[in-house]
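Visitor: I am new to this structure and would like to learn how to read it feature by feature. Could you take me through it slowly?

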Amino acid sequence: MTEKECLQCVLQGKIPEKVPHFELDFQISKEVFGTELPSVYKFSEEQVAPFRSAYLQGWEKIVDRYHWAAVPVNCDPMIPEMKRHFEDRALIMCFNGDGVFWMPPGDKIMQFSIDLYEHPDELHELARKKCRDSIELAKQQADMGADIICLNSDFGFNDGPFISPQMFAEFVTPYLTEIVGAIHDLGLPAILHSDGDLRKILDQLVGSGIDGYQSVDPQGHMDIAQVKAQYGDKLILMGNVMSSALQDTDPDQIRQCVQYAMENGMPGGKYIFSTSNCIFAGMPPESYHIMLAEYEKLAYYC
């Protein structure tokens with residue numbers, strides 16, 4: 001099976017020959033390849049024109065070297081071209097993260113907290129608009145050729161969700177459920193990315209119908225063994241290799257993180273190997289390479 005076929009197998013709820021691998025982003029292109037991967041997030045068709053070739057070639061290098069099973073395209077105008085180019089090698093994943101409320105920036109969190117209690121009707125009105133916009137965006141992304149939609153919304157601090165489970169059930173879960181249902185109506189899977197501690201709201205997230213959950217953040221007390229035991233029959237898990245362990249090159253610690261993620265994530269299928277976030281700027285390339293070498297030792301189901 002190709003890497004793409006292994007990922008398709010996981011998305012279909014089957015056990016592939018090998019655990020597939022890709023990441024939400026690759027921010028060390030200059031360190032590895034000597035050239036920057038253009039940052040073209042949310043650029044328009046006209047704005048992205050000067051970067052098309054470099055963007056395509058940058059991802060070509062990443063897929064060729066690391067055999068990613070999917071390409072995370074963070075610039076929607078590039079979806080059709082990326083789809084055509086990687087058709088035989090990788091699925092195309094795009095991002096749709098503003099459809100629900102998630103952790104506000106520091107300068108807005110106080111007002112958001114006040115509005116939860118003093119202006120709930122206005123928040124629901126805004127939530128409905130965000131939901132409608134997200135569904136419309138998903139339709140556009142599907143029409144452009146996306147294979148997977150990532151709902152990249154951070155819901156958790158390191159010690160709990162950004163609002164109480166009761167507030168989450170009122171202001172987030174119904175709208176998330178509607179978005180996921182619309183994505184399914186388009187024939188696409190929805191994978192949620194969220195860092196942090198989601199233990200108190202994970203049942204709501206699973207109940208929304210999401211197909212997968214990326215991060216399974218060990219820094220946020222998310223133990224992949226426990227999540228797998230509780231939700232492994234309902235949810236594709238992706239991640240769990242602790243990002244902080246990759247900031248410094250400690251081979252033993254990196255290998256231990258990989259071993260724990262693989263040993264607890266891959267049984268029964270429904271697991272995609274990745275870090276608990278992405279290949280972030282400042283990560284020593286050697287750390288990623290140690291991580292991948294250990295993964296390759298453990299990746300096959302046979």
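Guide: Setting aside the neighbours within four places in sequence, F26 touches V32, F33, L37, W59, I62, Y66, W68, I279 and Y288. Please keep in mind throughout that this is a predicted model.

Visitor: Which residues touch the most other members of the largest nonpolar core?

Guide: That core holds 103 residues, and those touching the most other members are F26, W59, M82, F155, L205 and F273.

Visitor: How should I read a pair of packed helices?

Guide: Two packed helices are described by the angle between their axes and by the distance between those axes. Here the axes of α12 and α13 come within 9 Å and cross at roughly 40°, and the two helices are therefore oblique to each other. The crossing in which α12 passes α13 is right-handed.

Visitor: Which residues of α12 and α13 meet?

Guide: From α12 the residues are P251, I254, R255, V258, Q259 and M262, and they meet S287, I290, M291, E294, Y295 and L298 in α13. An α-helix has 3.6 residues a turn, so residues three or four places apart point the same way.

Visitor: What does Q259 touch, once its neighbours within four places in sequence are left aside?

Guide: Q259, which lies in helix α12, is in contact with E294 and L298. Its relative accessibility is 27%, so Q259 counts as partly exposed.

Visitor: At what angle do α11 and α12 pack?

Guide: Helix α11, residues 224-231, packs with α12 at an angle of about 10°, and their axes are 9 Å apart. That angle makes α11 roughly parallel to α12. The residues that meet are I224, A225 and K228 in α11 and Y260, A261, N264 and G265 in α12.

Visitor: How many salt bridges are there?

Guide: When a side-chain nitrogen of Lys or Arg within 4 Å of a carboxyl oxygen of Asp or Glu is taken as a salt bridge, the count comes to 14. One of them joins the side chains of R52 and E81, at 2.9 Å from N to O. This pair links distant parts of the chain, with R52 in helix α4 (residues 52-66) and E81 in helix α5 (residues 79-86), 29 residues apart. R52 has a relative accessible area of 18% and is buried, whereas E81, at 22%, is partly exposed.

Visitor: Where do E60 and R89 lie?

Guide: E60 is in helix α4 and R89 is in the loop between α5 and β2, so that this pair too links distant parts of the chain, 29 residues apart. They form a salt bridge whose closest N and O atoms are 3.0 Å apart, and R89 is partly exposed, with a relative accessible area of 29%.

Visitor: Which residues are linked with R255 and E294 in a network of salt bridges?

Guide: The network links D252, R255, E294 and K297. Within it, the side chains of R255 and E294 meet at 4.0 Å from N to O, and the pair connects helix α12 (residues 251-265) with helix α13 (residues 285-298) across 39 residues of chain. R255 is partly exposed, with a relative accessible area of 31%, while E294 counts as buried at 7% relative accessibility.

Visitor: Which residues of helix α1 are buried, and what covers them?

Guide: In α1, residues 3-11, the buried residues are E3, K4, C6, L7, C9 and V10. Their cover includes the strands β1, β2, β3, β8 and β9. After α1 comes G13, whose phi is positive, near 80°.

Visitor: Which residues have a positive phi without being glycines?

Guide: Among them are H67, with a phi of about 55°, and N240, with a phi of about 90°. H67 sits in the loop between α4 and β1 and counts as partly exposed at 44% relative accessibility. N240 sits in the loop between β8 and α12 and, at 5% relative accessibility, counts as buried.

Conventions: Residues numbered from 1 in each chain as written. Predicted model: local features only at pLDDT ≥ 70, side-chain atom pairs only at ≥ 80, totals over all residues. Heavy atoms only, no water. Helix = DSSP H or I, 4+ residues; strand = E, 2+ residues; numbered from the N terminus. Buried < 20%, exposed > 50% of the residue type's maximum accessible area, 1.4 Å probe, protein only. Core = buried A, V, L, I, M, F, W, Y, C linked by side-chain atoms within 4.5 Å. Contact = heavy atoms within 4.5 Å. Axes fitted to C-alpha atoms, helices over the stretch in contact; angles between N-to-C directions. Parallel < 35°, antiparallel > 145°, perpendicular 65-115°, else oblique. Left-handed = near helix turned anticlockwise from the far one by under 90°.
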